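I opened this one to look things up and kept notes as I went. The entries are in the order in which I checked them.

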Amino acid sequence: MSTGKNEALTQKLESESNFFGRSASDFAIMIITAGTMLVLDIVLSVAYYRSNSAPDLRWLLALLDIVVILTFYGAFGGRVKRMLLSMKLALTMLFVILLLAIIGTILPQGQDVAASGWTTNPLYGFYSRIGLFDVYYSRWFLALLYLLGFNLGFCIIDRLPTTFRRALRPRTDVKEIFIRKCPAAATIEGAGDHGAEMAKQVLSKHRYHLHEGESHTVLAEKGRWTGLASIAFHLSFIFIGLGAILAGTIGFDERLEVPDGLSMPVPHTDLRVTNHGFDMQTVPVKEGDRVVGYRPSVYSSDLELFQDDESLARKTITVNDPLRYASSNSLLTLLISNKVNLHQASYYQTSRGYVSVLQVTYKPGKSLIYFGFGLMMVGICALYFPHRRIWVKVDASGELLMGGRSNRSKVTFQRDFDRIVMDLRHRLVKQEA
Amino acid sequence: MDINRLEELLFIAAVISYLVCSGFYIWYLISRNEKVVRLATLVLVLALVAHTLALGLRWYSSGHAPMSDLYESLSLFGWGIVLFFLIAQRFYPVQAAGALVVPTAFLITSIAGVFYQGPEPLVPALQSYWLWIHVTIAMLSYGLFALSFGAGFIYIVQEYLLKKHYKNVMYTFLILFAALGLVLGFWAGSWWAEPAKVMDQTTQIVSNVYSATDYLKILGGGIIGLAIGLVLGYFAGKGASKPGFAKRLPSLDVLDEVSYRGIAFGFPLLTIGIITGAIWADQAWGRWWGWDPKETWSLITWLFYGAYLHTRLTMGWRGRHSAIIAVIGLIVVLFTYLGVNLFLSGLHSYAAPT
């Protein structure tokens with residue numbers, strides 16, 4: 001089939017049939033994609049819920065759910081891109097997640113359910129099935145987080161070009177009417193070109209950067225890169241989310257009990273850990289002046305890590321001071337942390353002595369998360385530097401026009417603008433005198 | 001009544017008096033009425049006496065100067081601020097600064113209250129330098145949200161005053177004072193109730209176990225608080241419902257800006273507070289986030305103020321809408337700060353185990 005014929009066929013199809021505002025071929029492609037995803041989703045779900053030994057696939061299933069819903073929505077005429085770019089969706093998601101999080105703090109979660117009175121409640125079965133006793137790890141909660149994540153990602157991509165354009169190409173070619181209609185505006189009569197020169201001096205004195213455009217328009221601005229702060233802040237969630245997915249899938253978080261003086265294999269690794277000694281200090285618990293018991297003030301375990309009888313590391317760990325061991329110090333360590341961490345979680349006592357309870361964790365993606373934290377802190381602090389712009393132009397009658405805009409803290413900007421104008425007037429009057 | 005209980009009660013009395021005094025000093029700032037400042041000074045001196053006694057009892061019962069744990073040092077810090085302010089006020093005309101200083105003292109002593117425990121060392125989980133950083137940042141953000149709430153509340157009142165809707169002014173005051181009275185009443189009621197404290201030996205999570213009488217006491221505290229709040233609210237509303245009062249309040253623009261600024265600076269601090277908490281949790285337990293009630297509620301607060309900023313910065317909400325969100329925001333903050341520790345259990349329940 002020749003290309004020309006193919007095009008003709010497409011055009012014919014487009015003119016004849018219109019499926020939900022889309023051409024038949026587009027519709028077919030989207031339906032086929034969505035259908036394939038749906039089948040994959042169903043197959044994986046069945047496999048996951050049937051098997052008892054399957055790894056936790058909820059993060060993947062939730063992702064598939066959202067992709068399936070979005071493609072079907074798109075196929076049936078929904079404007080996916082516009083929806084994902086909308087602030088209304090973001091705010092709705094924020095509130096839905098907020099409400100679900102509240103439910104999660106009211107109902108007992110995870111292993112706390114067994115101890116609560118909920119198991120005998122007639123609603124228990126229903127609530128349990130829809131995941132209300134495991135809200136934060138339930139498939140639909142994760143799906144909502146993904147939807148919010150997509151929303152965030154689309155908004156970031158959408159904003160990038162504008163942000164860079166604004167930063168790289170200062171807008172000097174503005175019309176007189178634009179300057180007159182600025183939220184902060186002033187006109188100085190009869191100032192002329194001399195006044196414009198003076199205005200430039202005053203604006204530089206107030207630490208504005210000057211850009212001269214054609215037709216004698218001057219743009220003075222402050223904080224032209226601050227648009228990136230918002231991008232950095234929102235991007236940090238993507239990094240933290242990716243890090244969390246990495247840590248939650250490849251990583252592990254296991255409880256390990258090592259009795260005093262004994263050695264145990266570290267789960268998921270070929271390491272062994274020896275507890276050389278558990279140590280504890282207690283303080284009396286008083287009720288009034290009466291001692292009613294004792295509680296630990298400090299406890300620690302002297303741990304040594306081995307690999308094939310070769311000692312790798314030794315440290316006395318306490319609750320806030322874990323043993324961290326990196327198997328290699330390659331570049332990979334920097335990109336995704338490969339440290340195995342031994343945390344002192346708690347202890348218990350048996351007839352043969354103390355048993356130290358450790359939390360053994362391996363969190364690849366830690367670097368991504370910390371990078372995200374850093375980006376978030378830098379971004380959110382930089383968010384508070386406004387982007388201020390003041391345009392200066394002399395019109396045909398020799399009137400000096402000044403107009404200013406700020407993207408935030410407009411009251412402060414107005415004050416700043418008024419001060420600049422006053423300063424300028426003073427100088428002009430002084431010079432005349 | 002044993003010494004520690006007496007110390008606790010004196011301390012609570014001092015903290016509540018600081019709150020009342022903060023109100024008086026702010027009132028003075030607005031009304032410039034010399035009688036108000038005299039009343040404020042009297043209450044502040046009484047509060048300082050109670051606070052001094054509490055610190056003295058602490059010293060006596062623990063056998064060492066009260067600066068060993070977080071409660072003691074913060075309590076001492078707040079005490080010092082009030083003492084120096086009173087001395088300064090005796091010799092210099094700095095009464096107006098009380099509107100800033102006394103709320104700060106209230107804030108610091110309330111932080112101390114969160115860490116109240118008998119005279120003994122901290123539980124192992126809290127023995128970290130992160131405690132200072134995390135708590136200070138979180139408290140500063142709460143303080144700023146409170147500021148934003150205050151400005152937002154005055155905004156609503158001012159708008160009604162300017163429109164001469166005096167009935168609505170009265171309702172606004174009644175609702176606010178009733179809500180505050182209810183919350184503080186529940187808080188006081190839970191101190192009164194003294195629930196049994198149970199510590200899980202392996203996780204070291206301390207949870208409160210309330211009996212039926214305890215619930216009645218909490219409910220009773222709430223009702224008494226509500227009643228007191230309604231009475232105070234009525235008088236405050238009546239006092240404010242005067243044509244001339246609007247002139248003493250700042251303009252709507254300034255109030256809107258202050259309310260926004262509070263959140264604009266509180267939000268990054270809350271963000272950093274949550275991040276430092278996550279880093280600390282990773283250090284202590286090997287996880288950043290565990291959906292513990294305090295963590296979850298801090299996220300809820302964060303999402304709430306995040307929504308505020310988005311409605312304002314990208315959807316252009318201003319004025320009354322923003323003010324109402326800022327007012328509701330403090331309720332969320334208060335629940336995160338006090339409610340979680342009272343009603344829910346978790347790693348942030350710092351109650352001393354028995």
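What follows are my entries, from whole chains down to a single residue.

**Entry 1: what kind of model**

I am working from a predicted model. Local features need a pLDDT of at least 70 here, and side-chain atom pairs count only at pLDDT 80 or more.

**Entry 2: chain A overall**

I started with the inventory: chain A has 14 helices and 13 strands. Of the 433 residues in chain A, 27% are buried. For contacts in chain A between residues at least 6 apart in sequence, I noted that 63% join residues at least 24 apart.

**Entry 3: chain B overall**

Chain B gives me 11 helices and two strands. Reading along the sequence, I get α-α-α-α-α-α-β-β-α-α-α-α-α. Buried residues account for 47% of the 354 residues of chain B. Among contacts in chain B with a separation of 6 or more, 81% come from residues 24 or more positions apart.

I picked helix H7 of chain B, residues 212–240. H7(B) has 29 residues and reaches 41 Å from its first C-alpha to its last, close to the 42 Å expected at 1.5 Å a residue. Which residues of H7(B) are buried? I found several glycines on the list, including Gly221(B), Gly222(B), Gly225(B), Gly229(B), Gly233(B) and Gly237(B). Lys217(B), Ile218(B), Leu226(B), Ala236(B) and Ala240(B) are buried too. A reminder to myself: an α-helix has 3.6 residues a turn, so residues three or four places apart point the same way.

**Entry 4: the five-stranded sheet in chain A**

Next I traced an open sheet of five strands in chain A, in the order S1-S13-S12-S3-S2, with antiparallel pairing. Its edge strands are S1 (184–188) and S2 (209–212) of chain A, each pairing on one side only. Neighbouring strands of this sheet are turned by 15° against each other on average, direction ignored. Helix H10 of chain A, residues 192–205, packs on the sheet and touches S1, S2, S3, S12 and S13 of chain A. The direction of H10(A) makes about 160° with that of S12(A). Helix H14 of chain A (410–432) lies across S1, S12 and S13, and runs at about 10° to S1(A). Within the sheet, I counted seven bridges joining S12 (388–394) to S13 (400–406) of chain A. Val394(A) has Leu400(A) as its bridge partner in S13(A).

**Entry 5: S9, S10 and S11 of chain A**

S9 (323–326) and S10 (339–350) of chain A pair antiparallel over four bridges. One facing pair I wrote down is Arg324(A) opposite Asn341(A) in S10(A). On to the next strand: 10 bridges join S10(A) to S11 (353–362) of chain A, again antiparallel. S10(A) and S11(A) form a hairpin with two residues between them, and Thr350(A) stands opposite Gly353(A).

**Entry 6: where A meets B**

How many residues does each chain bring to the contact? I get 46 from chain A and 43 from chain B. On the side of chain A, H5 (87–106), S6 (272–287), S7 (290–307), S10, S11 and H13 (366–382) each supply at least two residues. H5(A) gives the most, with 11 residues. By class, this side of chain A has 29 nonpolar, 12 polar and five charged residues.

**Entry 7: H13 of chain A**

H13(A) has 17 residues and reaches 24 Å end to end by C-alpha, close to the 24 Å expected. Its buried residues include Leu368(A), Ile369(A), Phe373(A), Met376(A) and Ile380(A). I looked for what covers the buried residues of H13(A): the cover includes H11 (227–249) of chain A together with H9 (252–285) of chain B.

**Entry 8: Thr318(A)**

Last, Thr318(A) sits in the loop between S8 (310–317) and S9 of chain A. It has 18 C-beta neighbours inside 10 Å, so Thr318(A) counts as partly exposed. Ser300(A) is 18 residues away from Thr318(A) in sequence and 4.6 Å away in space, C-alpha to C-alpha. Thr318(A) also touches Pro124(B), among others.

Terms used:
Residues numbered from 1 in each chain as written. Chains lettered and ligands numbered in written order. Pairing = 2+ DSSP bridges. Axes fitted to C-alpha atoms, helices over the stretch in contact; angles between N-to-C directions. Contact = placed C-beta atoms within 7 Å. Buried ≥ 20, exposed ≤ 12 C-beta atoms within 10 Å, placed from the backbone. Nonpolar A, V, L, I, M, F, W, Y, C, P; charged D, E, K, R; others polar. Expected span 1.5 Å × (residues − 1).
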